[in-house]
Amino acid sequence: MKYQNIKKEEELKNRVADDYFWLYDCTKIIGNIDFCVSMHQSTTPVSESLLWAEAKRGVSDIYKSIVQLILTIGHARTFDEFLPPVMLAAFDAEKIAFIPYNDIHHLFYINDFNWNTAPSNYETKEFTIIYEKVKHVIDHNALLFNFLQDDKELKKFIKTNFIPSKFGLTKIKIDKNNFIIIYSKWLQAVKPTIAVNWEIAKKTGIIDGDFYLADLLASDNNTLKEKLFVLLKKDHYELDRQLDDTGMFSSKSTNFTDKQVSHTQFWNKYDRPPQEEYWDYIVERRDLLVPQDIRERKGSFFTPQIWVELSQKYLKELLGDNWQEEYFIWDCAAGTGNLLAGLTNKYHIWASTIDQQDVTVMYDRIENGAHLLKNHVFQFDFLNDDFTKLPQLLQDIINDADKRKKLVIYINPPYAEATTAKTVADTGKNKAGVATQNRCNQYFNLKIGSASNEIFALFMAQIIDKIPDCTVAQFSTLKFIQGTNFIRFKEYFKASFLGGFVVPADTFDNVKGSFPIAFTIWNTFIKEKINQVSCDCYDQDLQNMGKKIFYGQLPESINKWIKKFDKKNETIIGYMCNPSPDFQHNSQLYLSLQKGIEHFNFFEFNKNNIFEGCIYFAVRQVIKATWLNDRDQFLCPNDYWQNDMEFKTDCLTFTLFSGQNRISSKDGINNWIPFTEVEVGAADKFESNFMSKFIKGNLEVSKKTGLFSSPSQTKEEQVFVFSPHAKAVFDTGREVWKYYHQQPNCDVNASLYDIRAYFQGRNEKGKMNIKSADETYSKLIGNLRSTLSQLANTIEPKVYKYDFLRK
């Protein structure tokens, strides 16, 4: 190991800088990034980096270090203030790994992702999500060098890729990977200087992104691509060009409020236009330049080509090899038409969209070879316009009962909903204009209830109402099957499920959350109530993961079950919150001696409901949340668990030693210490031996007194059976307690949560750190977590056996 004797991270960074990056400036501090490499004496108008890196003394897990670096960048949104580098890297005393920034930049645009988590906390859900997404990229694209064995190769790599001749003024090239990042900077620098009333412009369908495209695809301040909605003409923009009665073009124009100074200074940094091979892609991705509120309402979303192709494969398998000849196809939420790419019979295809600008884009694509007919592509608001506005040929198909059965509505409709969590909690307002502004919202509210808040549900209802007996082939969430707000909807939308698949939601642009998005095919001529569907499952790399059943009708939830044991008149030894009973809310589940402030029911532990409370806690925690199970519901179980003492004690053990158990002696008397004073070598007597007595079956229970009875009262004893895996958890946990009680000034009544805080400490925001500098503790807590994981694997099959979950 080249730097094995270096004890401090700062020294390691200095040595690596001196040994390998001596030609460059390694002194810049950019946000919280450990190590930055840039050009010396750069005259570039903005700070341009060559490398951002994470540094670790000793030997580290390079994968985790790169994930930490990504979380650090995303947490601070460093790329908003500084131009991203060509490379990211992570290094320790032994090795360094490089990865191209463009291979991971898409991760920073994941929606509904909590970037506020501590990057150094390797146990968070967010760390795991990024780790899983980036592992494949690192495996295939990372360049790993050992400082000793690959010294010459590393220096050659740096010399080749970090070119000193680029010192001085270097314009930044634009490509399909960074044009969105540059757009965000353009919004701040150029947009405010354009003399446009943006609210009025938005109503006409013109967006700021159209002005950006005019700038981007320009040379010498003249837009090169003519068929854009806005053109840059030297010192002004032209828009709304139309042919007048004389056959001449007329147009509107707008200027700059600062004599184009900001515009000039901004574009001096960049080499534009991009290479011509990127032009069509950038224009087609105009949807990425649409403000988020418009995207949600109008459904300006780009279906990834991988799922477009797979959906058409399923249509072929389910409707027949000649389905394009035998069926008509209408995408009534077409956007720029990418869902229709790959279809060949243009005489059977119709495409409509709410935005005329998108129609223009599709016309341009037709001229460049797209298999569409211009008179089959039209502007149409599917939820608000009268169907008599449709092209006559399409009307003829819809009005003919036999032809209508051969019509496929093939769509990826908007996903927005009017309500938010705050609305449900009565602390906020509905999202303005989402779903509720559609004309059919009030009409369908009486038919499908609160499902009418979802735009995709309005599309489905409108199809049933206006185009009965057709085939529906759509991308959507599975709310209409699983959602509790869709009971009335399922009475209205009755159809025969033909087949489909689910994929991770985050493979779609700007779709919020980690959950399944489904492509499902329905025959609405056959009226069947939706009880469950079985879908094929694919990961982001198109690997088939098998099948999964999604249920529409389920028993009562686990939250109703646990209330049967929640007696509010007993002596309380702890609280447990009961968040919504699905995987996506499991991170909100915890134990504490104090009742939390969240708007949940808080289960009150007492001496008579410990097992039931621990079962609730364990069954919700032992199985990790994934995109595939994210919306799965935890249910009221069958009765067989009652006779399984080993299951009860496994759940008790898991709860006692779980990281979500936040019982702390700082909040009151700790009745949850699972050991005796002798077992852990305590220096003094505990305030409570309740839990160790309970575990050993020595708890004296009286229905007439408080928590503990006196020795003279009747003693109810029960022998508890603990599995080998549970015993292993107790053994490894005991070692953690024993080591803690060897520390000076330890709290004799400390809980496991207190012990973790003692050794791991907290950051400036009060959150517990993920690591500890104490190597002995780190080893002991690692052993405990390992045995706890094995115990979780033991409990998992019984979660399904006792119907807490359905497969």
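**Fold and packing**

Mentor: Of the contacts in the chain (heavy atoms within 4.5 Å) with a separation of 6 or more, 67% are accounted for by residues 24 or more positions apart. This is a predicted model, in which local features need pLDDT of at least 70, side-chain atom pairs count only at pLDDT 80 or more, and totals for chains, interfaces and linings use all residues. Residues are numbered from 1 along each chain as its sequence is written, and side-chain values use heavy atoms, with hydrogens and water left out.

Trainee: How many helices and strands does the chain have, and what percentage of its residues count as buried?

Mentor: Helices (H or I, at least four residues) and strands (E, at least two) are DSSP runs, numbered from the N terminus. On that basis the chain has 29 helices and 24 strands. Buried means under 20% relative accessible area, exposed over 50%, and partly exposed in between (1.4 Å probe, protein chains only). Of the 807 residues, the share that counts as buried is 55%.

Trainee: At what angle do the axes of helix 2 and helix 4 cross, and what is the handedness of the crossing?

Mentor: Axes are lines fitted to C-alpha atoms, for helices over the stretch in contact, and angles run from 0 to 180 degrees between N-to-C directions. The axes of helix 2 and helix 4 come within 9 Å and cross at roughly 120 degrees. Helix 2 and helix 4 are therefore oblique to each other, since angles under 35 degrees count as roughly parallel, over 145 as roughly antiparallel, 65 to 115 as roughly perpendicular and the rest as oblique. A crossing is left-handed if the near helix is turned anticlockwise from the far one by less than a right angle, and right-handed if clockwise; that of helix 2 and helix 4 is right-handed.

Trainee: Which residues make the contact of helix 2 and helix 4, and how do they divide into nonpolar, polar and charged?

Mentor: Helix 2 contributes Tyr63, Lys64, Ile66, Val67, Gln68, Ile70 and Leu71, and helix 4 contributes Phe127, Ile130, Tyr131, Val134, Lys135, Ile138 and Asp139. Ala, Val, Leu, Ile, Met, Phe, Trp, Tyr, Cys and Pro count as nonpolar, Asp, Glu, Lys and Arg as charged, and the others, Gly among them, as polar. The division is ten nonpolar, one polar and three charged.

Trainee: Is Ile130 buried or exposed, and which residues does Ile130 touch?

Mentor: Ile130 lies in helix 4 (residues 125–141) and counts as buried, at 0% relative accessibility. Not counting residues up to four places away in sequence, Ile130 touches Val67, Ile70, Leu71, Leu107, Ile110, Phe113 and Trp115.

Trainee: How do helix 27 and helix 28 pack, and what classes of residue are in their contact?

Mentor: Helix 27 (residues 724–740) and helix 28 (residues 752–760) have axes 11 Å apart at an angle of about 55 degrees, and their crossing is left-handed. Val736, Trp737, Tyr739 and Tyr740 of helix 27 meet Leu752, Ile755, Tyr758 and Phe759 of helix 28. By class, the contact has eight nonpolar, no polar and no charged residues.

Trainee: Which residues of helix 6 are buried, and what covers them?

Mentor: In helix 6 (residues 179–189), the buried residues are Phe179, Ile181, Ile182, Tyr183, Lys185 and Trp186. Their cover includes helix 3 (78–81), helix 8 (208–216), helix 9 (261–267), strand 12 (270–271) and helix 10 (279–284).

Trainee: How many disulfides does a search of the whole structure find?

Mentor: A disulfide is a pair of cysteine sulfur atoms within 2.5 Å. For Cys332, the closest cysteine sulfur is in Cys470 at 9.2 Å, too far for a bond. For Cys537, the closest is in Cys535 at 7.2 Å, also too far. The search finds zero disulfides.

Trainee: Where is Lys259, and is Lys259 buried or exposed?

Mentor: Lys259 has a positive phi of about 60 degrees although it is not a glycine. Its place is in the loop between strand 11 (249–254) and helix 9. At 81% relative accessibility, Lys259 counts as exposed.

Trainee: Which peptide bond is cis?

Mentor: Pro273 is found in the loop between strand 12 and helix 10. With omega near 0 degrees, the cis bond is the one from Arg272 to Pro273.
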